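Subject: Structure handover

Dear colleague,

Here is the structure I said I would pass on. My notes on it follow below.

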Amino acid sequence: MLSSGIYGLFRLDGGPVDPRDVAALGLDSGNVSGAAFAHEVDPQDRTALHRIEADDALTILVGHIEEPQALAVRLNVPPTLPAALLARAALDRFGSETPAEMIGEWSLLHWDRRDRRLVLTMSAARRDRLFFAVDGPRVAVAPNLFALSRIAWIGNRLDEMGLLASIGRADLRAALREEMGDRTMLAKVRQLEPATRLTIMADGIYRDVAAILVPQPRWTGSFDDAVVASEETMQTILRARIARTAVPGVLLSGGLDSSTIAWLAARERAADQRMILLTSVAPPGSGLVDEAVFADAVADRIGLTAEHVSPPENADIYRPSDLILGGASRPPMPVRHCLTETFQMRGKALGATALFDGSFGEATLTGKFALTTMRQQLRGTAGRVRRYLAGTAVEPAGGAFHVRLSAERLGALPEAMRAPPAATVKNEVRRPRDAWGYLPGADKALLHPNEFYPGALRMEFPFRDVRLLRLFAGFPAGFLVHDGLDRAPVRHMLAGYLPDTIRLRRSGRPASPDHMARLQRQAPAARGRIAEFRKAEVQEWIDLDWLDQALAKVAERGPTNFAESYEVQLTAITAEFLTWWRARS
């Protein structure tokens, strides 16, 4: 199955597109003619596909524009204008600032046949990936890295620094962002970043980046006014997304983030619209704690029943499926892929057409108060010490990479990675009168695509909507805490709507209750895969001796802490990815 997004092949010299290149992308090459070929795909949402050919130009939009009527008024065009023409008008008016002005989640391609000029741009938040390759007059575009690698003139030659960056920790990637730019793990393929406009012409490639997370006017209303504005903004966001989703599914844990999404989604759905709640619980008979009681309390209050799910016994925590490996376009880093895949499978079985996820709420509505006073800083330090002594501290295991690289690979690191410049650390401290601004994680939230793999149900992330981020950026930081409550905006918003056992919760429980037990139980089988890794010469990248010993320890006693579990699991997953990649190459 094809990944969702835009596919295209173009000749900047006016020559014909090669049908073999079209076929290599997995598309029908029977009607290929001329200097351009483009195709749009979304297997889950046909309403997201918009295409217009007019005035000797082709415009394709994949995704949705939020509040299109308001945008049409700004552009002085009819409110009924088709989405592709509305996007073209926005591109003409706003140029490189289109991602900042045309709110939504979308990818956009515009091909001008007269001057053979190709424009690619993407919304502030990434909906689908968009990769491209340029070789002389030839240009290829696709939402899947490995689809492009099947084209003969692109190929699958590795960019070693690009692959290393993809498994590097956030600090390394941030420090090398300027040097790495849009590089990927393939030498001839680049990736379009969110909020970027790329213009490709015969005389060169030009990039512009729109300013998204910009300072906002200071809020002049009261705290109560801010809560009302927050609720209205969330209603606007959910109303549009629920309306275009036939059967929404909500991932409900009973925490503040997911409970807020479930409550608002239930309120905004049509009277006869079915809605599904999915809750991660411990496997039957395991005795592990989970969040079922909290999720059920929310479900009961909004008049629904939560479907309890847990990954199958044989779901391999160290080896993601080929669909996940092929859809990630790099070594996949999510550690809870078993649970995510279970949500996908159960959601599809129950008829859901999209899944709503409460991730990224901590940047706005459910943000925690940053430490500002000496007393708060001392309490924070004491908490970290307690977690460290208890063996539960989530701290990096060491090094600049998520995985344990081989000694040979470490010795051959590019100079920039041996001693990368220090990443700029933003001041996370807020005083009550300071602006809320953009809390840590807001920028990262915009980077995530919301298609887990080709054919997966799309994940909706309402909390990363730019309208919400900008609203909160103007609030005083003091609104984080109000009337003695942390996470004050959401706790006040939910008053009278959800039980206080939910509204006033101070901590959560593991999202995947059997995660640590599964790591221990499946470690022996993962060790058994190391022989296959060696046959694939994965030791060129990964320290397989260390992985063997680490898995043996996990099998014997379980992971000591989260940091160890992450490093062992991600090292094994990366070894699986490289083995898969070598086999298909």
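Predicted model: local features only at pLDDT ≥ 70, side-chain atom pairs only at ≥ 80, totals over all residues.

Helix α24 is largely enclosed by the rest of the structure, because 17 of its 23 residues are buried. Its N-terminal end is capped by asparagine 561, which has a side-chain oxygen 3.2 Å from the backbone nitrogen of alanine 563.

Domains

The domain assignment divides the chain into domain 1 (5-153 + 188-209), domain 2 (223-367 + 432-504) and domain 3 (514-583). Between the C-alpha centres of domain 1 and domain 3 the distance is 40 Å.

Sheet

There is an open sheet of five strands, in the order β2-β1-β8-β7-β9, with antiparallel pairing. Its edges are β2 (36-41) and β9 (190-191), each of which pairs on one side only. Strand β7 (residues 131-135) runs antiparallel to β9 and is joined to it by two bridges. Opposite arginine 190 in β9 stands phenylalanine 132.

Salt bridges

The count of salt bridges comes to 48. Three of them are described here.

Glutamate 101 counts as partly exposed at 29% relative accessibility, and arginine 74 is partly exposed with a relative accessible area of 41%.

Another salt bridge joins arginine 464 to glutamate 105, with their closest N and O atoms 3.1 Å apart. Arginine 464 is in the loop between β16 (458-460) and α18 (466-473), and glutamate 105 is in strand β5 (residues 104-112), so this pair ties together parts that are 359 residues apart in sequence. Both arginine 464 and glutamate 105 are buried.

Arginine 518 and aspartate 514 also form a salt bridge, the closest N and O atoms lying 2.8 Å apart. Arginine 518 counts as buried at 2% relative accessibility, and aspartate 514 is buried with a relative accessible area of 5%. Elsewhere, salt bridges that share partners join Glu67, Glu105, Arg241, Glu460, Arg464, Asp465 and Arg467 into one network.

Regards

Methods:
Residues numbered from 1 in each chain as written. Heavy atoms only, no water. Buried < 20%, exposed > 50% of the residue type's maximum accessible area, 1.4 Å probe, protein only. Helix = DSSP H or I, 4+ residues; strand = E, 2+ residues; numbered from the N terminus. Polar contact = N/O pair within 3.5 Å; in protein donor to acceptor, adjacent residues only side chain to side chain. Pairing = 2+ DSSP bridges. Domains from an automatic or database assignment. Salt bridge = Lys/Arg side-chain N within 4 Å of Asp/Glu carboxyl O.
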